[in-house]
Amino acid sequence: MTFTLPAQPVVLPAADTVSHTDNHTQLIAAALLGIATIIVLIVWRKMHPFLALTLGSAVLAVVAGIPLADTFTAFTKGMGSTIGDVGTLIAFGAIIGRLLIDSGGADQIVDTVLARAPGPRLPWAMALIAFVVGIPLFFEVGIVLLIPVVMIVARRAHQPLIALGVPALAGLSALHGLVPPHPGPLIAINAVKADLGLTLGLGLLVAVPTVIISGPIAARFMARWVPIEAPEPLGASDEEHGGPRPSFATSIVVVLLPVGLMLLRTVVETLVPEDSDNLVVHAALFVGKPIVALLITVLAAMYLFGARLGLGADDVSGRVGASLAPIAGILLIVGAGGGFKQTLVDSGIANIIAAWIQQAAVPALLAGWLVAVAVRLATGSATVATITAAGIMAPLTTHMPRVEIALLVLAIGAGSVFLSHVNDAGFWLVKEYFGMTVGQTFKTWSLMETILSVVAMVTIGLLALVLGVL
């Protein structure tokens, strides 16, 4: 089935857009020079990524014709927004992770996992855990909750970090791009009027082979290319813990508590009318917000991993404080990545790339994937890519069958996670947590995201053929 995409303006979610040149060639050159500046400064000049991202954003803005007085307007807006959205979640996750580790709860989980999935089965176990936990969990939250466990498993099992880390990242990323209640798929479902239940079912079906191939299978090769050992997570020690440990059940409850609260919110939003005045409904919606769910989990962890084990208030407070210092650099780098992304968006570069693809006559599913890929490459944001692609494709869905509309949502989601690189805050988040160089991050995280996107799109195409919508 082939469609000619109608000509219409592409509108990206960028508030207070700054003035810039209208010359398309100059804007594309600005994007390339900005990205090249970041790579050169980090790889060859060994500059800290925070400063490199800041200078790369300045180069992009100047070449794009943004007035000198506004050079850092988009950057500071994007940095503030990113830290506001992600920074608090990272901080809460770091506290939970530190308490989990220092109390011996992480060891308890590790011992249980090692006992049931020894040796070659560990990468599959990591992918499965990430897949299950990632269904209702935001990607950043999943990283900060699971990565400390992955690191300890790798250290205790004497396996390369990449062999276990990539499967976990694949599980989280696939769910983030393909399955509601993640924000990207929900945005696309709303834009193209897709059936949520059908999209959820097909999304899980697509995610299974996608995670298998981009996770445990691909990790075998990546671990040879980047044979690094797991660093100590968030400054914690790998020594045996003295004193009483929390039970395996208690440790798992703390890890899954935010998952359950956010899933509860999703169920309530799906089943209960928006104008409901029921107090219980409003309470469920409140506790299911990511920041509230993680704050509740922090308080629960302080009790279950602290006071309940006999620690005093000063000891618990000391562990909380110790968890925050190691993430200061991560927050700045992630924020700067968001600032660089916003500079790309506000300069109009993403609009140009999306408009080029908009004029082509290609199959609807492939068109949705390509538009999302283009905007993802230009902005680094999976959500911006999803919003843009869904907005462009929405007019084409009027006469589509329900199954094809659902598959279109998945195609857009698959495209939105393609090739994470230096303009993606997630790139820097993974790099810093795993202690990798920029080159190593490209060989692992960026490659995994690309494989994931392509495998998902191929699976979607095969499903479309089987279901008779192509």
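1. Domain bounds here come from an automatic or database domain assignment. That assignment gives domain 1 (24-74) and domain 2 (77-236 + 243-467). The centres of domain 1 and domain 2, taken over C-alpha atoms, are separated by 27 Å.

2. This is a predicted model, in which local features need pLDDT of at least 70 and side-chain atom pairs count only at pLDDT 80 or more, while totals for chains, interfaces and linings use all residues. Residues are numbered from 1 along each chain as its sequence is written, and side-chain values use heavy atoms, with hydrogens and water left out.

3. In contact (heavy atoms within 4.5 Å) are 22 residues of domain 1 and 24 residues of domain 2. The buried area, meaning the accessible area (1.4 Å probe) that two parts lose on being put together, summed over both, is about 1900 Å² between domain 1 and domain 2. Carbon and sulfur atoms give 84% of this area. On the side of domain 1, Phe50, Leu53 and Ala74 lose the most area to domain 2, together 31% of what that side buries.

4. The structure as a whole holds 6 salt bridges. One of them joins the side chains of aspartate 346 and lysine 77, at 2.8 Å from N to O. Aspartate 346 lies in helix H14 (residues 328-346) and lysine 77 in helix H3, so this pair ties together parts that are 269 residues apart in sequence. Helices (H or I, at least four residues) are DSSP runs, numbered from the N terminus.

5. Aromatic pairs are rings of Phe, Tyr and Trp (its six-membered ring) with centres within 6.5 Å; planes under 30 degrees apart count as stacked, over 60 as edge-to-face and the rest as tilted. The structure holds 4 such pairs. Among them, tryptophan 369 and phenylalanine 418 are edge-to-face, 5.9 Å centre to centre with 90 degrees between the planes. Tryptophan 369 is in helix H16 (residues 364-379), and phenylalanine 418 is in the loop between helix H18 (402-416) and helix H19 (425-434), 49 residues apart.

Note on methods
Helices (H or I, at least four residues) and strands (E, at least two) are DSSP runs, numbered from the N terminus. A salt bridge is a side-chain nitrogen of Lys or Arg within 4 Å of a carboxyl oxygen of Asp or Glu.
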